[in-house]
Amino acid sequence: MENQESEFQSKMAEIAGQAIELTGTGLKRYVIIIATEQDDEITRAVIAVSGSSKDLSTGIAEFATRDETKSILASGLKKAHHKMMLSAIEGVINKS
């Protein structure tokens, strides 16, 4: 399968660019966008981040503690841990 950008990815990248422009320089605006799309073979993601680490981390903390979103974060962290472990194992195997 070719690794072509889908219409969804293209539109989300455009929206992300617009959101980043809205944060502006010197404004107290911060944004994180995570948009994913999955087909039979791969999951693609558009990720955009703009703003200071401190202020963005405050937003992530809010996301992590709200009843409607904390389970999403917990699930994502479990998947990230699994992905990092597989990568580490593959690195060891490939060195052999």
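This is a predicted model: local features need pLDDT of at least 70, side-chain atom pairs count only at pLDDT 80 or more; totals for chains, interfaces and linings use all residues.

Trainee: Why is Ile 20 called partly exposed?

Mentor: Buried means under 20% relative accessible area and exposed means over 50%, with partly exposed in between, so Ile 20, at 32%, counts as partly exposed. Ile 20 has its place in helix H1, and, leaving aside neighbours within four places in sequence, it is in contact with Val 31, Ala 48, Val 49 and Ser 50. The C-alpha atoms of Ile 20 and Ile 32, which are 12 residues apart along the chain, are separated by 8.9 Å.

Trainee: Ala 19 also lies in helix H1. What makes Ala 19 count as buried?

Mentor: The relative accessibility of Ala 19 is 17%, and the cut-off for buried is under 20%, so Ala 19 counts as buried. When residues within four places in sequence are left aside, Ala 19 is in contact with Val 31 and Ile 33. Ala 19 and Ile 32 are 13 residues apart in sequence, with 9.0 Å between them in space, C-alpha to C-alpha.

Trainee: Which label does Leu 22 receive, buried or exposed, and how do you know?

Mentor: Leu 22, which lies in helix H1, has a relative accessibility of 59%; exposed means over 50%, and Leu 22 therefore counts as exposed. Not counting residues up to four places away in sequence, Leu 22 touches Leu 27 and Arg 29.

Trainee: What makes a set of residues a nonpolar core, and which residues make up the largest one?

Mentor: The members must be buried residues of the nonpolar kinds, joined through side-chain atoms within 4.5 Å. The largest nonpolar core has eight residues in all, namely Met 12, Ala 16, Ala 19, Val 31, Ile 33, Ala 35, Val 46 and Ala 48. Helix H1 (7–23), strand S1 (31–38) and strand S2 (43–50) are the elements that give two or more residues to this core. For one member, Ile 33, the contacts beyond four places in sequence are Met 12, Ile 15, Ala 16, Ala 19, Val 46, Ile 47 and Ala 48.

Trainee: How do you know that the chain is more spread out than a compact globule?

Mentor: The chain comes to three helices and two strands, which follow the pattern α-β-β-α-α when read along the sequence. Its radius of gyration is 17 Å, whereas the globule rule gives 12 Å for 96 residues, and the value is well over that, so the chain is more spread out than a compact globule. The C-alpha trace spans about 50 × 35 × 30 Å along its principal axes, and buried residues make up 16% of the 96 residues. Among contacts with a separation of 6 or more, 39% are between residues 24 or more positions apart.

Trainee: Which residues lie nearest the centre of the largest pocket, and which element supplies the largest share of its lining?

Mentor: The lining has 16 residues, and those nearest the centre are Ile 34, Ile 72, Leu 73, Gly 76 and Leu 77. The largest share, nine residues, comes from H3, while S1, helix H2 (53–65) and helix H3 (70–95) each supply at least two. About 710 Å³ of space lies in this pocket.

Trainee: How does the lining divide by residue type?

Mentor: The lining of the largest pocket divides into nine nonpolar, five polar and two charged residues. Gly counts as polar in this scheme, so Gly 76, one of the residues nearest the centre, falls in the polar group.

How values were computed: Residues are numbered from 1 along each chain as its sequence is written. Side-chain values use heavy atoms; hydrogens and water are left out. Buried means under 20% relative accessible area, exposed over 50%, partly exposed in between (1.4 Å probe, protein chains only). Helices (H or I, at least four residues) and strands (E, at least two) are DSSP runs, numbered from the N terminus. Contact means heavy atoms within 4.5 Å. On a 1 Å grid over the protein atoms alone, a cavity is a set of points where a 1.4 Å probe fits but cannot get out, and a pocket is an open set with protein on both sides within 12 Å along at least five of seven lines; lining residues have an atom within 4 Å of a point. Grid points are joined across faces, edges and corners, and a volume is the space filled by probe spheres set on the points. The radius of gyration is taken over C-alpha atoms; the globule rule is 2.2 Å times the number of residues to the power 0.38.
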